[in-house]
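Good morning. Please have a look at the chain on the screen, and then I will go through it piece by piece.

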Amino acid sequence: MTDSAAQIPPVLTFEGKRYDLNALPEEVKELVRGMQVADAQLRMHEDTLKVLAVGRQSMAMQLNDKLQGVTPMAD
């Protein structure tokens, strides 16, 4: 049994155009790899920001609960 995915050349789609990734110069392939790494880092940091936002929201709710019994200063 052969792996049909191995027979399909990888394709780069960039700005609406398709390119045979294997046929591109090595310098271009390195740029593509760099962009893939950058995309992965962006996704990771976006996930981190989401976690921080949820944590901050939780702390704000806890702070609100703790301040319920405290009299605020007069204006």
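In what order do the elements of the protein chain run from the N terminus on? They run β-β-α. The chain has one helix and two strands; helices (H or I, at least four residues) and strands (E, at least two) are DSSP runs, numbered from the N terminus.

Some housekeeping. This is a predicted model, where local features need pLDDT of at least 70, side-chain atom pairs count only at pLDDT 80 or more, and totals for chains, interfaces and linings use all residues. Residues are numbered from 1 along each chain as its sequence is written, and side-chain values use heavy atoms, with hydrogens and water left out.

Next, confidence. pLDDT is the predictor's confidence in each residue, from 0 to 100. The protein chain averages 93, and 92% of the residues score at least 70.

Now the strands. S1 and strand S2, residues 17-20, run antiparallel and are joined by four bridges; two strands pair if DSSP finds at least two bridges between them. Which residue in S2 is the bridge partner of leucine 12? That is tyrosine 19. The two strands form a hairpin with two residues between them, and in the turn glutamate 15 has a positive phi of about 50°.

Aspartate 20 is also in S2. The C-alpha atoms of aspartate 20 and proline 9 are 6.7 Å apart, although eleven residues separate them along the chain.

On to the helix. Methionine 35 is found in H1 and is partly exposed, with a relative accessible area of 46%.

Finally, the whole chain. What is the radius of gyration of the protein chain? It is 25 Å, whereas a compact globule of 75 residues would have one near 11 Å; the radius is taken over C-alpha atoms, and the globule rule is 2.2 Å times the number of residues to the power 0.38. Along the principal axes, the C-alpha atoms fill a box of roughly 70 × 35 × 20 Å. Of the 75 residues, 7% count as buried.

Methods:
Buried < 20%, exposed > 50% of the residue type's maximum accessible area, 1.4 Å probe, protein only.
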